[in-house]
Amino acid sequence: MSAITFHSIADSAYLWAVMHVADEKGAPYTVTPLAYRSPEHLALHPFGKMPIMQHGDFVLYESLAIAHYIDRAFEGPPLQPPGPRAQAIALRWVSVINAYVFPIMNRFMKERLVRPAWGVEPDHAFIESARDALILQMETIETALADGAYLAGETLTIADSFLLPQLLFFALTPEGEALMAQAPRTKAWLARMMARASYVGGAMSRAYDAIGQLPKPTKLAWPIT
Ligand SMILES: N[C@@H](CCC(=O)N[C@@H](CS)C(=O)NCC(=O)O)C(=O)O
C-alpha cells in the first residue's frame with residue numbers, strides 16, 4: 001500500500017492523533033508542512049484547519065474521517081470495535097474530545113505553559129473559567145476507564161489516539177498534574193499509551209520533552225478540591 005501524506009504544521013495536536021492512528025496501524029506516511037491559511041492550504045481544506053490527508057488521488061480533511069479511512073484502508077489491527085455499542089462508544093469519545101476536551105485542555109496548556117514561555121501574558125479569565133470543565137473532563141475519563149484498559153474497552157481504538165495528545169500535554173500543567181494524581185486509572189492509561197511503540201521515539205514524544213522543559217508555574221491557578 002502506498003504511503004500517506006499528511007499536510008500540516010508539525011506541532012498540531014490533531015496531526016499527532018492521526019499519526020498515532022497510522023503508527024498503530026503500521027501505515028507508512030510522511031508529513032508535508034503547510035503554509036497556514038495560504039491559498040494552497042485553503043484549497044486542501046476550505047475551513048483552514050489541519051491536518052489534511054492525501055493517499056494517492058484521495059484528499060481528505062477532518063481528523064475523525066482520516067482516522068476512519070486509515071483504519072479501513074490499511075492492514076493491521078482494527079482500531080474500531082466490531083460491535084455496535086463499543087463502536088458507538090469509541091465514536092462518542094472522539095466527538096467529546098473534539099467538542100469539549102480539545103478547546104479547553106489544549107488551550108489551557110498553551111495559556112499556562114507556552115504563552116508565558118514566549119513572554120506573552122496568558123488569558124487569566126480563560127484559565128479561571130476552565131476549572132470546572134477540566135475537572136468534569138478528568139472525572140468523566142476516570143469513570144470511563146473503570147470499564148477497561150482503554151476508552152472503549154480492553155483494546156486500543158481511535159478514541160485513545162484522539163485523547164492522547166490532549167491528556168499528555170495537559171498533564172504537564174500544575175493543574176493537570178494535580179488532577180492526574182487524583183485519577184489513578186487515567187494516570188495508568190497515560191503510562192500505557194506512552195509505553196507503546198506508536199509513541200516512543202515519535203514526534204509527540206519529542207514535543208512532550210520540549211514542552212516539559214518549559215518553566216512551570218509554581219502555584220496552582222485554582223484549588224483542585
Ligand atoms: N475539526 C478539525 C479540527 C482540526 C483543528 O482544529 N486543528 C488545529 C490544529 S491542532 C488547527 O487547524 N488550528 C488552526 C486554526 O484553528 O485556525 C479536525 O478534526 O481535523
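Hi everyone: helix 1 passes helix 7 in a right-handed crossing, meaning that the near helix is turned clockwise from the far one by less than a right angle, with anticlockwise being left-handed. Helices here are DSSP runs of H or I with at least four residues, numbered from the N terminus.

A word on the source: this is a predicted model, where local features need pLDDT of at least 70, side-chain atom pairs count only at pLDDT 80 or more, and totals for chains, interfaces and linings use all residues. Residues are numbered from 1 along each chain as its sequence is written.

Back to our pair. The axes of helix 1 and helix 7 (residues 158-170) come within 8 Å and cross at roughly 140°. Axes are lines fitted to C-alpha atoms over the stretch in contact, and angles run from 0 to 180 degrees between N-to-C directions. The two helices are therefore oblique to each other; under 35 degrees would be roughly parallel, over 145 roughly antiparallel, and 65 to 115 roughly perpendicular.

Who touches whom? From helix 1, A13, W16, A17, H20, V21 and E24 meet I158, S161, F162, L164, P165 and Q166 of helix 7, contact being C-beta atoms, placed from the backbone, within 7 Å.

Now the domains: an automatic or database assignment gives domain 1 (4-73) and domain 2 (84-212). In domain 1, 13 residues are in contact with 15 residues of domain 2. Helix 1 gives the most to that side of domain 1, with 8 residues.

Finally, the ligand. Helix 1 (13-25) and helix 3 (63-73) each supply at least two residues of its shell, where a residue counts if its C-beta atom, placed from the backbone, lies within 6 Å. Among the shell residues are S12, A13, Y14 and N98.

How values were computed: Contact = placed C-beta atoms within 7 Å.
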